[in-house]
Amino acid sequence: MNNSDQKIQTLLSSQPRLRLFLDYDGTLADFRDHPDQVEPLPEVIDLLKFLRNSGKIKLAVLSGRRLAHLQALIPVNGITLAGTYGLEILKADGSLHYRLDYNRVRPALEVLKPIWIELIKDKQGFFLEDKGWSLALHARFAEDVIAANLLEKAQDQAAETLDIKEFRVVPGHRFLEAGPLLADKGEGMKYLLEIDPPEEESLLYLGDDDKDEAAFRVIQSCGGAAIRVCSNVINQAIEDWRLPNPQETRLWLRSLPGQLA
Ligand SMILES: [Mg+2]
């Protein structure tokens, strides 16, 4: 056992209950080819029900996916589902909560959308995902240089179109997303902890990519731990521990109820 294992074990065994925050893609489930693939995975559903039924763990899934997709992927009640980085939330009690007024967000995206559609028209390997609260450009299957050039152009167009006091444009790996400033996993985490403050509960967040890092920082600042699902060595590792892939993560998560005080 190394120091990181020890830290997580100590954290878990210090309290009788756990607040568990999970990213979905790349953490609970392997990536799909297309973000519109929303068939639930039996192994994920089964795991989440097992954790929920333990009676010791309060679960929340925090994802960049829109809430409707999360609901399709996780048709399990009693779990908080936070979509679009925590902008749209289905609470564990079944109530819905939106952190912004959709009618104030959408008009600016309606201006940007045709500009991006025009930009990727006739280009191979690009896809525009309209998430309602945000627009995401995917370039996963485009040729390297073409992808880089086009995403740079798309970023410039978004910067010219959107008000930077209300919107942000977030780059990722072969990806670009324009959405409200509040569409951020750090902001989402803060909000989830604010509406349901932890009591005699350890805090744990699992995520795989750079968008999860804002949530890592929030959970750590509240005395919790962050686990990254990733096999690569990352230069600036801010996580407390690492699991290699979604499959190993699901196995490890099964052990959680037994590790609590
Ligand atoms: Mg992810």
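Predicted model: local features only at pLDDT ≥ 70, side-chain atom pairs only at ≥ 80, totals over all residues.
**Notes on pockets, metal site and cysteines**

1. Numbering runs from 1 along each chain as its sequence is written, and side-chain values use heavy atoms, with hydrogens and water left out.

2. What volume does the largest pocket have? About 960 Å³, where a volume is the space filled by probe spheres set on grid points, and points are joined across faces, edges and corners. The grid is 1 Å over the protein atoms alone; a pocket is an open set with protein on both sides within 12 Å along at least five of seven lines, a cavity is a set of points where a 1.4 Å probe fits but cannot get out, and lining residues have an atom within 4 Å of a point.

3. The largest pocket has 37 lining residues, and Asp25, Phe31, Phe175, Asp209 and Lys211 lie nearest its centre. Strand 6 (127–130) and strand 11 (225–229) are the elements giving two or more residues to this lining; helices (H or I, at least four residues) and strands (E, at least two) are DSSP runs numbered from the N terminus. Domain 1 (3–99 + 183–259) and domain 2 (102–180) each contribute at least three residues to the lining of the largest pocket, with bounds from an automatic or database domain assignment.

4. On to the metal. The magnesium ion is coordinated by Asp23 (OD), Asp25 (O) and Asp208 (OD), at 2.1 to 2.2 Å. Along the chain these donors follow the spacing D-x1-D-x182-D. Asp25 sits in the loop between strand 1 and helix 2 (42–53), and Asp208 in the loop between strand 10 (201–207) and helix 7 (213–221), 183 residues apart. Donors here are N, O and S atoms within 2.8 Å of the metal (3.2 Å for Na, K and Ca); water is not among the atoms, so the site may look incomplete.

5. Are Asp25 and Asp208 buried or exposed? Asp25 is buried at 14% relative accessibility, and Asp208 is buried at 12%. The cut-offs are under 20% relative accessible area for buried, over 50% for exposed, and partly exposed in between (1.4 Å probe, protein chains only).

6. The second largest pocket has a volume of about 220 Å³. Its lining comes to 14 residues, with Arg19, Lys58, Thr80, Ala92 and Asp196 nearest the centre.

7. Lys211 is one of its lining residues, alongside others including Tyr85, Arg168 and Glu177. Strand 9 (175–180) provides the largest share of that lining, 4 residues.

8. Last, the cysteines: a search of the whole structure finds 0 disulfides (pairs of cysteine sulfur atoms within 2.5 Å). Cys222 is partly exposed at 42% relative accessibility, whereas Cys230 is buried at 13%.
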